[in-house]
Amino acid sequence: MPNGNLTKESIQKDCTDFYIGGIMETKTIKHILLAGFLSSAAIFGGGAQAASFTVAGSLTGDPRTDNPDNLFINVGINVLDTVATWTVDIASPLHPNAKLDEFYFNLGSSVNAANVLFGGFSPAGWVINSPASTVGGGNFNPTFLFEAVDPPGNGNNVTNAVNLSFTATLNRNWTLDDFYSAAALQSSEATLPAGQLGAHLQSLSTAGCAGCSDSGFLIGNYTRGGGGSQGSVPEPSVVALLGMGLLGMGLSRKSKV
């Protein structure tokens, strides 16, 4: 109900109180929204820096008539920022005694071999050389950028039951392009297809392949892995906070006009 005893002084006081209260409320809202913007920017920026993804690879062989076929190798690469953890898995049950002699792989042109540090080999004793010197698959020109080799006399064999694993640390974060853009190489033996990955297996079964060698060459390429993505996607709450922050900035600019 309006006050029946209105005076000039009471009207001025009510207007002043309303004006001051409005200013204080506006400032409080702006402070809250600006705080939300700063928080969301920190969270959003931190999430976008992560580089976590998975790359896979599949190799098959050997299509040449003088070498056993039904050769299969699966490759898995789990990437977290600068570190890529590789797993090379022989999956050739028709060749129970198969052993990995050498494993070859290319990376994108932006990856300099001198900037990659390899380690964490299992089984122990394996090493990676660059450039590769391929065996058992004809000549590759150019050759693969890297080769993982089992040094002579090393008893730590990679078989159907024992995987090869190692880490590759780059001087920056890995990207999907570092793998998918790798060159696919063609052997001088045209029967072998072009590929980004290669491998030479020994101690293969020659059953049903009269006169065949007991070794074979496999070729393959990178494929998309089963999970993860490059860069993390912000939660919906983070996006909401960012929107509140932007609204606060807009209100702040409007009050200065």
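His200 is buried, with a relative accessible area of 6%. The model is predicted. His200 sits in strand β9, which spans residues 197-202. Leaving aside residues up to four places away in sequence, His200 touches Lys99, Leu100, Asp101, Glu102, Tyr104, Val135, Gly136, Ser215, Gly216 and Phe217.

One of these contacts, Tyr104, also takes part in ring pairing. Across the whole structure, a search finds 19 aromatic pairs. Two of them are set out below.

| Pair | Type | Centre to centre | Angle between the planes |
|---|---|---|---|
| Tyr104 and Phe144 | stacked | 5.7 Å | 20° |
| Phe179 and Tyr222 | edge-to-face | 5.7 Å | 75° |

Phe179 counts as buried because its relative accessibility is 0%. Tyr222 is buried too, with a relative accessible area of 7%. Phe179 and Tyr222 belong to a cluster linked by ring pairs, whose members include Phe53, Trp86, Phe103, Phe105 and Trp174.

The structure holds one disulfide. This disulfide joins Cys209 to Cys212, with an S to S distance of 1.5 Å. The torsion about the S-S bond of Cys209 and Cys212 is about -40°, so the disulfide is left-handed. Cys209 and Cys212 are both buried.

Methods: Residues numbered from 1 in each chain as written. Predicted model: local features only at pLDDT ≥ 70, side-chain atom pairs only at ≥ 80, totals over all residues. Heavy atoms only, no water. Helix = DSSP H or I, 4+ residues; strand = E, 2+ residues; numbered from the N terminus. Buried < 20%, exposed > 50% of the residue type's maximum accessible area, 1.4 Å probe, protein only. Contact = heavy atoms within 4.5 Å. Disulfide = S-S within 2.5 Å. Phe/Tyr/Trp six-rings, centres within 6.5 Å; stacked < 30°, edge-to-face > 60°.
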